[in-house]
Amino acid sequence: MKPGGIFGNAITDVLYKKDEEIIMSIVKNYETFMAKRAEFEKNPMSKFWTKQNARYMEPFHMFGNVYYVGDSWVCVHLIDTGDGLLLIDAGNCGGTAMLIHSIWRAGFNPEDVKWIILSHGHVDHIGGAKFMREMFGTKIYMGAPDAAMYREHPEKSFVQDSPDLMDELIAPDVEIRDGDELTFGSVKMKFYLVPGHTEGCISFFFDVTEGNRTVRAGYYGGFGFNTLAADYLTEIGDSQCHMREIYLDSLKKVRNEHVDFFLGNHCINNHMVEKLEKIKNGADSSVWIDPQEWGSYLDEKRDALLVFMKENPAAE
């Protein structure tokens, strides 16, 4: 007999039963959690969220005051402006710890990151922005149309693709507009809006000096065609796929900018891994300098988009 007398036995039975229900609830919740995880991993897109540390790259110096602190997929560049650090993009959601580690490994203090420029508003480029603003007071910059997207159509950011329900979008401190000229410490940048991959993609240009040599750096904020698919454009109200023509116009808009030092948005844009291998084999930092690469790559994307448009026509 369980202790407690007549009434005590009844109370104890209730408590035992409650304990059993709690245990069963915990087991069920765990089983549900594992089932959700297994289901998520069946999604081909899950590769971008799982085992992110496998994409870690040891950070490295590129040219002048520009360093690389991103991974082997999404680029993050660090610029030492002389009056604080500037990041170009903030890595994938779920990769913030790796980004912070990379900044330290590059020889810098994450607390000194004063500014982050977000190339566009997709979830794989904004990962560390919220954390760094809350922890260090970092100011966030983004193209004005993508800031509006966050307010009016946050689903276009694909934040819902993240498995972390706590990931969220943040309003930038500064909305960048076409033709803006902004200064970050000793670095002066010229900005253009280049809609296509998103409506608020930005492109920008600035000088970088190493020793007695000054070169012009250029950056284009998103080359992917995934947001130009007919079904996607139709879903967001562009059934005639006008955004494809807008993308072509954007490429043309900055095609003839003089660029010696092409910074990629993703590592594949400028063959970064291959260039880094050359440095490991004895090449110097001039491997990053190629006055032809910018124009050649934009032409390549133009030609690829024309083929894409032909093979994937707008819905009738």
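Student: Which kind of contact do the side chains of E41 and R37 meet in?

Tutor: A general idea comes first: side chains of opposite charge can pair when their charged atoms come close. The term salt bridge here means a side-chain nitrogen of Lys or Arg within 4 Å of a carboxyl oxygen of Asp or Glu. E41 and R37 form a salt bridge, at 3.7 Å from N to O. This is a predicted model, in which local features need pLDDT of at least 70 and side-chain atom pairs count only at pLDDT 80 or more, while totals for chains, interfaces and linings use all residues. Residues are numbered from 1 along each chain as its sequence is written, and side-chain values use heavy atoms, with hydrogens and water left out.

Student: Why are E41 and R37 separated by about one helical turn?

Tutor: An α-helix has 3.6 residues a turn, so residues three or four places apart point the same way. E41 and R37 are separated by about one turn because they lie four residues apart in helix 1, residues 5-42. Helices (H or I, at least four residues) and strands (E, at least two) are DSSP runs numbered from the N terminus.

Student: Is R37 buried or exposed, or in between?

Tutor: Buried means under 20% relative accessible area and exposed over 50%, with partly exposed in between (1.4 Å probe, protein chains only). R37 is partly exposed at 47%, and E41 is partly exposed at 44%.

Student: Which residue forms a salt bridge with E39?

Tutor: The partner of E39 is K42, with 3.6 Å between the closest N and O atoms. E39 and K42 are three residues apart in helix 1, which means a separation of about one helical turn. K42 counts as exposed, with a relative accessibility of 62%.

Student: What span does helix 8 reach, and what is expected?

Tutor: The expected span of a helix is 1.5 Å times one less than its number of residues. Helix 8 has 19 residues and reaches 27 Å from its first C-alpha to its last, close to the expected 27 Å. Its buried residues include W294, Y297, L298, L305 and F308. The buried residues of helix 8 pack against several elements, among them strand 10 (202-210), strand 11 (213-220) and helix 6 (242-254). Contact means heavy atoms within 4.5 Å.

Student: Where is H197, and which residues is it in contact with?

Tutor: H197 sits in the loop between strand 9 (187-193) and strand 10. It is buried at 10% relative accessible area. Leaving aside neighbours within four places in sequence, the contacts of H197 include H120, H122, F223 and Y247. H197 and D178 are 19 residues apart in sequence and 16 Å apart in space, C-alpha to C-alpha.

Student: What does S102 touch?

Tutor: S102 touches Y56, M57, P59 and V69, not counting residues up to four places away in sequence. S102 is in helix 2 (residues 96-105) and is buried, at 1% relative accessible area.

Student: Which phi does K51 have?

Tutor: K51 has a positive phi of about 50° although it is not a glycine. K51 lies in the loop between helix 1 and strand 1 (60-63) and is exposed at 72%. F158 also has a positive phi, about 65°, and is not a glycine. F158 is in the loop between helix 4 (144-152) and strand 7 (174-176).

Student: How many helices and strands does the chain have?

Tutor: The chain has eight helices and twelve strands. Of its 316 residues, 48% count as buried. Among contacts with a separation of 6 or more, 65% are between residues 24 or more positions apart. The C-alpha atoms fill a box of roughly 90 × 55 × 40 Å along the principal axes.
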